[in-house]
Amino acid sequence: MSRRFPGIRLLFPLLLFLLAAAAQAQQPSFEELAARAQELLDSKPAEAAALYQQALARRPDWAEGWLYGGAALYQAGRFAEATDSFRKGVALAPTKGTGWAFLGLAEAELDNPEQALADIRKGEELGLSGNWQFEVAVRIKAAQLLVRSSSFDDGMAQLVPIAKRGDNSPEVQETMGLCSLAMPQSLAGLSPERRAVVDLTGKAAWALVSQRPAEAAAAYRELLARFPDQPGVHYSYGLYLMETDMSAAVTEFRKEVANNPGHWPSLVVIGSAETRRGNAEAGLEALRQALKAAPAKYRWLCHAEIGRAELTAGNLVQAIADFGIAERAMPGNAQVHFFLSQAYRRAGRKADAQRETAEFEKLKVQQDPLGVLNGLTFK
């Protein structure tokens, strides 16, 4: 047959080429896949994710495809795949703050809170592109993670900008309630009564932060009337009183400790307040109790406050020792270096004092560009 039809060997490769070309012509282009995926991102995230994966098979260096594909997978509840996609995206576009923040959100769903917070913070530092709705979601998740790690002040700091813009959604108020009560837990599994405490505390804290003083005062009065013996209630009310009546605030913190002896945040505030009043021994008593009850990651704070109390009492050797423990645990904290320099100066250790002063000044510029720490003095 080959002698009768010598051109047939050339026809088969040509036919295969034409079939392949026809099949390729029927496939959507990269641009078509990307556009269709974008259209379906919010309404049909699973389909969008599949389209992004097809597009990325053609252009694996498409950073936005990995990031948007991760967003689609996140919305579809496929958090492990989303995490992988976001990581590839930020590797290609490391300055995309939204990518880092979204990576943190996905990691949070996989119960990796420390890495989640680290990536969310990196995203916040780089900027979230002015997307307020996304920023709210990121801040709420960060606050919830911080609450679980007992970082109540940092958690509240995440929520303050949201409250100041008038957002009083249940998630915002509930998380503010957990921060104000110093409750390192989620809402899941709380009893109805405990949930009511969180809700009312959150309402009061939100009203205070959003500058509705009459509403805040009324909510705190109701909180004390309805739940005077619930853990965290007197602590929350003490925080409310601190700016206007420190003596009354300390009384509330002492009531909290009477009801809940292991409430270390109250003990720290009591110790710090007593030290500032010049009652170093009373301060030390409270702070040593706090040191026993505080989570390991916050013992540095107890040591720093103990150092201040010892410094007030004139116990320079012990003050230096406690400030040293705090400094080794938190070398990036400017105020620890400031107080350690004071202790060295009073002990006559000039070179050590100068070293700590220089470190304080360097960190102050990094952490306090507006000069809030300028009120600290070495006199």
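## Overall make-up

Helices, taken as DSSP runs of H or I with at least four residues, and strands, taken as E runs of at least two, are numbered from the N terminus. Counted in this way, the protein has 20 helices and zero strands. The model is a predicted one.

Of the 379 residues in the protein, 46% are buried. Contacts between residues at least 6 apart in sequence were also examined, and 49% of them join residues at least 24 apart.

## Helices α6 and α7

Two packed helices are described by the angle between their axes and the distance between the axes. Helix α6 covers residues 97-109 and helix α7 covers residues 113-126; their axes come within 7 Å and cross at roughly 160°. Angles over 145 degrees count as roughly antiparallel, and α6 is therefore roughly antiparallel to α7. The crossing in which α6 passes α7 is left-handed.

On the α6 side, the residues that meet α7 are G97, W100, A101, L103, G104, L105, E107 and A108. On the α7 side, they are Q115, A116, D119, I120, K122, G123 and L126. Sorted by class, this contact of α6 with α7 holds eight nonpolar, four polar and three charged residues.

## Helices α12 and α13

The axes of helix α12 (residues 213-226) and α13 come within 10 Å, with a crossing angle of roughly 155°. That angle makes α12 roughly antiparallel to α13. The crossing of these helices, α12 and α13, is left-handed.

From α12, the residues in the contact are A216, A217, Y220, L223 and L224. They meet V233, H234, S236, Y237 and Y240 in α13. This contact of α12 with α13 divides into eight nonpolar and two polar residues, with no charged ones.

## Aromatic pairs

A pair of aromatic rings is described by the distance of the centres and the angle of the planes. With ring centres required to lie within 6.5 Å, the count comes to 15 aromatic pairs. One of the pairs is formed by Y74 and F102: the ring centres are 5.3 Å apart and the planes stand at 65°, so the pair is edge-to-face. Y74 belongs to helix α4 (residues 63-75) and F102 to helix α6, and the pair links distant parts of the chain, 28 residues apart. Y74 has a relative accessible area of 18% and is buried; F102, at 18% relative accessibility, also counts as buried. Ring pairs join Y74 and F102 with F79, F86 and F134 in a cluster.

The rings of Y237 and Y240 give another arrangement. Their centres are 5.8 Å apart and their planes are at 25°, so this pair is stacked. Both residues lie in helix α13 (residues 233-241), three residues apart, which is about one turn of the helix. The cut-off for buried is under 20% relative accessible area. Y237, at 19% relative accessibility, therefore counts as buried, whereas Y240, with a relative accessible area of 21%, is partly exposed.

## Two serines with positive phi

Most residues other than glycine have a negative phi. S129 has a positive phi, near 65°. S129 is placed in the loop between α7 and α8 (132-148) and is exposed, with a relative accessible area of 67%.

S150 also has a positive phi, near 70°. The loop that holds S150 runs between α8 and α9 (152-164). S150 is buried, with a relative accessible area of 10%.

H303 is part of helix α17 (residues 299-313). At 14% relative accessibility, H303 counts as buried. When its neighbours within four places in sequence are set aside, H303 is in contact with L291, D322, F323, I325 and A326.

L316 is found in helix α18 (residues 316-329). Along the chain, L316 and Y344 are 28 residues apart, and their C-alpha atoms are separated by 8.1 Å. Not counting residues up to four places away in sequence, L316 touches L311, R346 and A347.

Terms used:
Residues numbered from 1 in each chain as written. Predicted model: local features only at pLDDT ≥ 70, side-chain atom pairs only at ≥ 80, totals over all residues. Heavy atoms only, no water. Axes fitted to C-alpha atoms, helices over the stretch in contact; angles between N-to-C directions. Parallel < 35°, antiparallel > 145°, perpendicular 65-115°, else oblique. Left-handed = near helix turned anticlockwise from the far one by under 90°. Contact = heavy atoms within 4.5 Å. Nonpolar A, V, L, I, M, F, W, Y, C, P; charged D, E, K, R; others polar. Phe/Tyr/Trp six-rings, centres within 6.5 Å; stacked < 30°, edge-to-face > 60°. Buried < 20%, exposed > 50% of the residue type's maximum accessible area, 1.4 Å probe, protein only.
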